[in-house]
Amino acid sequence: MAYGKGAAGQEPALPAVDWANVDEFTIGGVERPITPHRKRAVRGPRAIRVPSGGKN
């Protein structure tokens, strides 16, 4: 992490993602959508999100 003058707004680089196995993704601000057990969506920063943990 950078400190000092000119460092504001800079975030560390994220590691590269292996997109070979990604079939579905969304771009948005919802981290956890509404489900039968979750009545309200959990919002987060706008990002590319890959669904995981769902029923197949």
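1. Strands, like helices, are DSSP runs numbered from the N terminus, and a strand holds at least two residues. The model under review is a predicted one.

2. As to the chain in general, there are two strands and zero helices. The chain has 56 residues, of which 7% count as buried. Its accessible surface comes to about 5700 Å², and carbon and sulfur atoms account for 54% of that area. Among contacts between residues at least 6 apart in sequence, 20% join residues at least 24 apart.

3. Once neighbours within four places in sequence are set aside, I34 is in contact with K39, R40 and A41.

4. R49 belongs to strand β2, which covers residues 42-49. Is this residue buried or exposed, and which side chain of opposite charge is nearest? R49 is buried, and the nearest such side chain is that of E31, at 4.3 Å. R49 has no salt bridge; a salt bridge would require a side-chain nitrogen of Lys or Arg within 4 Å of a carboxyl oxygen of Asp or Glu.

5. The side chain of R49 does, however, approach backbone oxygens. It reaches that of V30 at 3.3 Å. A polar atom of the R49 side chain also lies 2.4 Å from the backbone oxygen of P45. Apart from neighbours within four places in sequence, R49 is in contact with F25, T26, G28, G29, V30, E31 and G44.

6. How many aromatic pairs does the structure hold? There is one. The ring centres of W19 and F25 are 6.0 Å apart and the ring planes stand at 80°, so this pair is edge-to-face; the class applies to planes over 60 degrees apart.

7. The accessibility of the two paired residues may be noted last. W19 has a relative accessible area of 41% and is therefore partly exposed. F25, at 46% relative accessibility, is likewise counted as partly exposed.

Conventions: Residues are numbered from 1 along each chain as its sequence is written. This is a predicted model: local features need pLDDT of at least 70, side-chain atom pairs count only at pLDDT 80 or more; totals for chains, interfaces and linings use all residues. Side-chain values use heavy atoms; hydrogens and water are left out. Helices (H or I, at least four residues) and strands (E, at least two) are DSSP runs, numbered from the N terminus. Buried means under 20% relative accessible area, exposed over 50%, partly exposed in between (1.4 Å probe, protein chains only). Lys and Arg count as positive and Asp and Glu as negative; His and the chain ends are not counted. A polar contact is a pair of N or O atoms within 3.5 Å; within protein, one must be able to donate a hydrogen and the other to accept it, and residues adjacent in sequence count only if both atoms are side-chain atoms. Contact means heavy atoms within 4.5 Å. Rings of Phe, Tyr and Trp (its six-membered ring) pair if their centres lie within 6.5 Å; planes under 30 degrees apart count as stacked, over 60 as edge-to-face and the rest as tilted. Accessible areas come from the Shrake-Rupley method with a 1.4 Å probe; for residues, only the protein chains shown count as cover.
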